[in-house]
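User: I am new to this structure. Could you walk me through how to read it?

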Amino acid sequence: MLRADTLFKTFNPGTPIENPVLRGLSLQIDSGQFVTVIGSNGAGKSTFLNALAGDVIVDSGSLHIDGKDVTRTPGWQRAGLVARVFQDPMAGTCENLSIEENMALAYYRGRKRGFGPALNRSLRELFRDKLATLKLGLENRLPDRMGLLSGGQRQAVSLLMASLQPSRILLLDEHTAALDPKTAAFVLELTDRIVHENQLTALMVTHSMRQALDHGHRTVMLHQGRVVLDVAGEDRSRMQVTDLLAMFEKTRGEAIDDDALLLG
Amino acid sequence: MTLIALMGALEIGLIFALVALGVLISFRILDFPDLTADGSFPLGGAVAATLIAGGHDPWLACGVAALAGAASGWLTAWLNVRLGILQLLASILVMIALYSINLRIMGAPNMPLIGSPTIFSPFIGDNFDIAWQVQPAMLAALIVVAKLGLDVFFASQAGLAMRATGANARMARAQGIATERMVLAGMALSNALIAVAGALYVQTQGGADVSMGVGTIVVGLAAVIIGETLLPSRTLWVITLATVLGALLYRLLIALALNADFIGLQAQDLNLITALLVGFALVLPKLKAKLARKPGGAR
């Protein structure tokens, strides 16, 4: 379904701040698989997701989604294949547009946008039904400005927006990192539900090893722009956070000094 | 102020309402600070005047002016999205270039249109006494059409995509919107409107002049800002309405200030009055908030 083959990406090449972020990253994901991605700061998690989405075009390597070579395809042309939810609740929605307008934007993701009205009664009906499943009372606030919603509400709506149109893969970039623990738990639960209901292939970046093991079918660890750990099935279900850490240290032969990986 | 002077102010206000709608698209909807207007307004005037003087149909002249304006806006956007030139700078380059181009088009610094047919002349006929009524009436009808047309467009799938491009380009791309194309198209639309305003202006003023564009952008922005202060809203059809009303009110205030003898202002004080008006409109929302806070005490 998704095949990333030896991806390389260096930011600011040939300058003193040259930063090789992806160094030969390869990963294959089967259809319907929910993969969690962990790794320390600078491991290349976000860049990898951005490369999949087309925000970043890789220097070398190849990228296939659903058998299509998208290595050089600009981001907006991949939108029919890739849906995403950003870390920053502000980034995934337009705060100056209404809830229904934001949802209408997502409703036409990957489709041709013509001069017909963006909203009509049946679409509003659909949006209302979808919002009602969140149980946040948003179904009565369709014309409200997106900016009036809290961060958690916005992430919940972003998730809904990502599932309005079928996509081949859903990318979640630490989408609960900016939320308080209770809201984060709610959004994660919603994530599980939406991925399950829509049989989505999903890739979720997270800073928390706990989350990485509790959600999805498979966990991948990135380090210095490469996959250093890849567990699934039996091995994974028996695994504890401490095991994950031990395996990480063994693989890399170095101690972890990043607290963020231990906490949470 | 006489009735004719009032109608004159209304007439120019209506023309600048078109400019203001164009400025609304660039500055507010696309978030693209664009000074091309100072060049595209006289470009529309120059193209229309030259075509009309050459014996062509005035409506056709307006259409060609719109195309010329669209091309200039597209060029500004292209310099920005393709060559990476800063938005403001890209628009200044095009504006400067258009000054020479406008001179080339007209072949002279000005082009009189006295006695030439205009889009208004079939409705005025031989009775020139009614021109001061017919021209504002026709312009009002044109502005209503333009405003409603924009409302319909920005409520459409493509229009919503254009608004998202200006509001959050990264999100727009993630939704599959070709943001670069949206900026190119939006800037073309914006400057097409402004050029049509220029084409209408020369037909009401009896000729084109190469320097007629000076300060166009300031007037357009003034109208947008006054409209926003007058009628603050996030709903698009209210915003376009506020913009049109802002343009009318601006010209009316200018006319009042210049006509009130006791103030002692004269025509050369126009830009000073503009600056004061815009400054006042910018500060007004803050003053209102301050006054609203006072009686209740806290917050």
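Analyst: Start with contacts. Two residues are in contact if their C-beta atoms, placed from the backbone, lie within 7 Å. Keep in mind that this is a predicted model.

User: Which residues does A:E139 touch, not counting residues up to four places away in sequence?

Analyst: A:E139 touches A:R128, A:L131 and A:A132. A:E139 sits in the loop between α4 (121-132) and α5 (151-162) of chain A.

User: Is A:E139 buried, exposed or partly exposed?

Analyst: Count C-beta neighbours. A residue is buried with 20 or more within 10 Å, exposed with 12 or fewer, and partly exposed in between. A:E139 has 16 C-beta neighbours inside 10 Å, so A:E139 counts as partly exposed.

User: What separates A:E139 from A:L123?

Analyst: Along the chain, they are 16 residues apart. Between their C-alpha atoms, the separation is 13 Å.

User: Now chain A as a whole. How many helices and strands are there in chain A?

Analyst: Chain A has ten helices and ten strands. Of its 264 residues, 44% are buried.

User: What do the contacts in chain A join?

Analyst: Take the contacts between residues at least 6 apart in sequence. In chain A, 68% of these join residues at least 24 apart.

User: How do I read a pair of packed helices?

Analyst: Two packed helices are described by the angle between their axes and the distance between the axes. Take α1 (residues 3-29) and α9 (residues 179-205) of chain B. They pack at an angle of about 165°, with their axes 8 Å apart. α1(B) and α9(B) are therefore roughly antiparallel to each other. Their crossing is left-handed.

User: Which residues of α1(B) and α9(B) meet?

Analyst: B:F16, B:L18 and B:I25 are among those from α1(B). Those from α9(B) include B:M187, B:L193 and B:Y201. By class, the contact of α1(B) with α9(B) has 15 nonpolar, six polar and one charged residues.

Conventions: Residues numbered from 1 in each chain as written. Chains lettered and ligands numbered in written order. Predicted model: local features only at pLDDT ≥ 70, side-chain atom pairs only at ≥ 80, totals over all residues. Helix = DSSP H or I, 4+ residues; strand = E, 2+ residues; numbered from the N terminus. Axes fitted to C-alpha atoms, helices over the stretch in contact; angles between N-to-C directions. Parallel < 35°, antiparallel > 145°, perpendicular 65-115°, else oblique. Left-handed = near helix turned anticlockwise from the far one by under 90°. Nonpolar A, V, L, I, M, F, W, Y, C, P; charged D, E, K, R; others polar.
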